[in-house]
Amino acid sequence: MTLSMSVLAIAALLFLDFASFQPNRILPGEGVALLDALSLRWTLPVFAGALAIALLSWRPDRHAYLAILLTATTLVAFLPVLAGVFGLERAIEGLQHGRAALGSGFWLAGFFMALIMIEACHKLQAGIWLKLASVTVVVAGIAIAYSYGVLEKLSLAQEFHVRQRQFVTEMGAHFNLVFWSMLPSAVMGMALAIWATRSEKARRGLFGVLSVVQTIPSLALFGLLIAPLSYLANEFGWLRAIGVQGIGFTPALIALIGYSLLPMTRNAYVALTGTPEPVLEAARGMGMNESQVFLQVRLPLAAPVILEGLRIMTVQTIGLTAVAALIGAGGMGTFIFQGLGQAAMDLVLLGAIPTILFALAADALFAFLTATTRGAP
């Protein structure tokens with residue numbers, strides 16, 4: 001896999017547009033491949049690194065995979081620098097008000113290199129610290145380049161620079177909505193799962209209702225909540241006083257909780273009912289009552305599967321929260337929908353990329369917690 005990914009990365013850089021220089025944020029520029037965009041002194045390290053990965057993957061061992069991981073990590077951090085240098089050089093040529101947009105070659109090459117990083121970590125059976133170090137190198141490299149102005153002509157960097165304060169506000173709103181929807185969902189999901197383990201009739205009805213909620217399109221559910229919440233807010237002043245209204249945070253919170261309950265409840269139910277009966281009988285034989293059996297035996301054994309449900313719920317909620325911007329809930333979806341309305345794709349990316357990174361970080365955190373509860377290294 002590593003060999004094929006490195007070859008595809010080289011092909012993307014050779015034959016696809018690495019970047020384009022736009023006169024403004026709306027009008028498209030003419031795309032150029034990497035060799036046409038920059039001189040050999042900038043492009044040679046990239047192709048040399050990708051070729052080195054291909055050669056190392058021919059007969060890999062542990063040392064080879066360490067070298068592959070280091071090289072791929074460096075290239076992922078270096079690609080934005082190349083795009084920034086391209087923008088600066090074009091600006092020097094007399095296009096001071098233009099901006100460099102990232103092309104398909106850039107995104108595909110970065111994607112393939114990221115896959116190589118993941119494959120190398122898998123082959124090395126890397127722990128959390130090595131993975132974290134790799135991600136830190138990429139983030140630090142991009143942050144340093146931005147702080148020194150290397151990326152100032154990138155359209156994505158310019159969109160961020162203009163909206164720094166709003167970016168922080170919307171990121172906080174996104175995190176706030178995710179957190180306050182996850183907390184009650186986790187508690188309610190566990191309670192419903194425990195109820196389902198004690199009543200077969202309750203289990204059938206419960207999962208039927210939650211499955212129906214899950215099938216409703218997100219936009220439709222957000223829309224269905226607007227009218228009843230508006231009515232309640234108008235009829236009861238105390239609801240309006242605590243911030244309940246037809247649009248904004250409240251309907252988004254209710255909808256996100258509704259979507260989160262099925263994966264949380266189902267995983268918790270499977271986990272709690274999956275404890276081997278001989279283990280439970282042994283615990284009862286030791287004199288434990290049912291509460292002790294649940295807290296000291298059933299729940300610890302169920303923890304990895306419950307955490308898996310939390311992981312699914314969190315990643316799903318992070319993505320759906322972006323859609324909630326359509327009803328005024330804020331979050332990174334604000335940039336996504338503003339960009340779509342203005343045909344400004346870099347504004348779309350300003351909202352989409354942090355959302356993706358947020359979801360990946362949450363996924364990695366819960367994967368680490370799940371592996372820890374299972375006793376994995």
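Author: Helices here are DSSP runs of H or I with at least four residues, strands are runs of E with at least two, and both are numbered from the N terminus. By that rule the protein chain has 16 helices and three strands. This is a predicted model, where local features need pLDDT of at least 70, side-chain atom pairs count only at pLDDT 80 or more, and totals for chains, interfaces and linings use all residues. Residues are numbered from 1 along each chain as its sequence is written, and side-chain values use heavy atoms, with hydrogens and water left out.

Reader: Thanks! Why is S134 called buried?

Author: Buried means under 20% relative accessible area, exposed means over 50%, and partly exposed is in between, using a 1.4 Å probe and protein chains only. S134 has a relative accessible area of 7%, so S134 is buried. This serine is found in helix α6, residues 128-147.

Reader: What does S134 touch, not counting residues up to four places away in sequence?

Author: S134 touches L69, T73 and M117. A contact means heavy atoms within 4.5 Å.

Reader: And why does G172 count as partly exposed?

Author: Its relative accessibility is 37%, so G172 counts as partly exposed. G172 lies in helix α8, residues 164-198. The C-alpha atoms of G172 and G331 are separated by 7.3 Å, although the two residues are 159 apart along the chain.

Reader: How much of the protein chain counts as buried?

Author: Of its 377 residues, 46% count as buried.

Reader: What makes something a cavity in this structure, and how many of 30 Å³ or more are found?

Author: On a 1 Å grid over the protein atoms alone, a cavity is a set of points where a 1.4 Å probe fits but cannot get out. Grid points are joined across faces, edges and corners, and a volume is the space filled by probe spheres set on the points. The search of the whole structure finds one cavity of 30 Å³ or more. The largest cavity has a volume of about 40 Å³.

Reader: How do you know which residues line the largest cavity?

Author: Lining residues have an atom within 4 Å of a point. For the largest cavity they are A9, L13, V46, A50, L75, L79, A109 and M113. Helices α1 (2-15), α3 (40-56), α4 (62-92) and α5 (104-124) each supply at least two residues of that lining.

Note on methods
On a 1 Å grid over the protein atoms alone, a cavity is a set of points where a 1.4 Å probe fits but cannot get out, and a pocket is an open set with protein on both sides within 12 Å along at least five of seven lines; lining residues have an atom within 4 Å of a point.
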